[in-house]
Amino acid sequence: MIRFTNTLTRQLEEFRPQGDVVSIYVCGITPYDDSHIGHAMSYVIFDVLKRYLLWRGYAVKHVQNFTDIDDRIIERANRLKITTDELVARYMAAYNDDMRDLNVLPADEYPRATREVPGMIRMIEGLIEKGYAYEAASPQSEWPDVYYRVGAKADYGKLSHRTQDSLLAGARVESGEQKENAADFALWKGAKAGEPSWDSPWGKGRPGWHIECSAMSLHYLGERIDIHGGGEDLIFPHHENEIAQSEAYTGAAPFVRYWLHNAWVKMGDEKMSKSLGNFITIRDGLNKVGGDGLRLWILTSHYRKPLTFSEETLEAAQHGAARLRTAARAPSDDGDGGIDTAATRERFTAAMDDDLNTPQALAVLFDLAKEINRARDEGRGVRDAQALLLDLADVLGLRLEAAQEAIEAAPFIELLIQVRSDLRAAKQWALADQIRDGLAALRITLEDGPQSTTWKPDEAGSSATPTSR
RNA sequence: GGCGACGUAGCCAAGUGGCAAGGCAGGGGUCUGCAAAACCCCCAUCACCGGUUCGAAUCCGGUCGUCGCCUCCA
């Protein structure tokens, strides 16, 4: 029985999808800059969720948006003197490269806000008709804004567990805004000079932030979806507002059955974020410790607990990934090595069933790796156990690939190893060590086994696929 | 002010009533020409105080400390 902590109820709940295909909507990025490892945490977590559901036999439909129009995009494009489309294309490509190297499975659909405007307009019109939204003059535009009327539904605040009074107390009103209520939020913004805009029943303008996810999840996944995921900071206001709009518009509730939110990456004691400027990019992380290293680092902590970043923890993850890789890829004969593979699989499943407890699932993998190594040392064949390790690692998105093939210099390295073997046979230790040290300087490690010498590149430098950027 | 999270070994991090997972780092061994890898062994009474209980890291009360959301944010 799979259980998830549902933000809506704050309870651990049994997962029971409504139909044959589990519908998942994950809030995507706003492509105006490189993504950092905090974003990686979120997308890796939801990738593991999806991989686990698939492994357990569910069919999944995963939709993830790109917010390709917003203030930050407009500002940045203006500063770089390029169009918003050019800016967005650049950072969407960068994001896709990052996800590929992190081994994140592609979503089934990647809708873009700017391509879904008609759907949003229909929704806003519907909300106005039903009395949930209203037009108001904009202080900065000749065209009006449209706001959602927060007070129209009594359950507003149910996701973030706030009362309307408390929200009112904290709400901010930009000068000149003609909101009925300070907590009301924009569905549509009247166009300002020099901004991209679309025609609408209210004149020229652009959609507000929250409406896109409601419109796109409705379009691609229907009125009720199984799982909606995102970072903790999206709970309020973004997801709260999505619920309000969607349920008001369709009349179907709940809009989402299971709300899942991941916690933060911390830099020391602070949250890693763009605004604090204390982030490292996914690309930097990949270059340092590789895709497996970065993923393992993320999964060593439970997704609902903050994850602490440091160079040391990142390196620790890289070394851990190398340990798993060694166990999984070491040459071996057929056999399970006397290892209880069924029990291992069960332990792994129990951990993952329990609200995706990846730290415990990883502990199972490390235990299995140790058993494999031990059995090999004792001369038993372990290929079946290795297959299990690779299978379970794949559920976590860890490739554990032996990276030799990727290196063009492989034949030359093999040649050097052959020469060195002859030197060793002749007990020419100094020369043999010279070759080993020389290769080490080039980030190639040699390991002398009883029968033969194997080699491996440093993970970070080799496994990262070259990118076009 | 409102809502919430957290404080477990040198570092990271599971565990939420019954002798404290796992990883990294460190120390000692085995193996090896030496190394690397691997294997074996060692390395914590869970922020503090009080309470409930046969029994608490785990429940209750309090103290101290840290962080997040309430405004764009994964």
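Guide: Let us begin with terms: helices (H or I, at least four residues) and strands (E, at least two) are DSSP runs, numbered from the N terminus. This is a predicted model, in which local features need pLDDT of at least 70, side-chain atom pairs count only at pLDDT 80 or more, and totals for chains, interfaces and linings use all residues. Residues are numbered from 1 along each chain as its sequence is written, chains are lettered from A and ligands numbered from 1 in the order in which they are written, and side-chain values use heavy atoms, with hydrogens and water left out.

Visitor: Where does Arg10 lie, and what is its phi?

Guide: Arg10 lies in the loop between strand S1 (3-6) and strand S2 (11-14). Its phi is positive, near 60°.

Visitor: Is Arg10 buried or exposed?

Guide: Buried means under 20% relative accessible area, exposed over 50%, and partly exposed in between (1.4 Å probe, protein chains only). Arg10 has a relative accessible area of 57%, so it is exposed.

Visitor: What of Asp355?

Guide: Asp355 also has a positive phi, near 60°. Its place is the loop between helix H10 (341-353) and helix H11 (358-377). With a relative accessible area of 4%, Asp355 is buried.

Visitor: Which form, cis or trans, does the bond between Phe236 and Pro237 take?

Guide: That bond is cis, with omega about 5°, and Pro237 lies in helix H7 (residues 235-250). The bond from Ala253 to Pro254 is cis too, with omega near 0°; Pro254 is in the loop between H7 and strand S10 (256-262).
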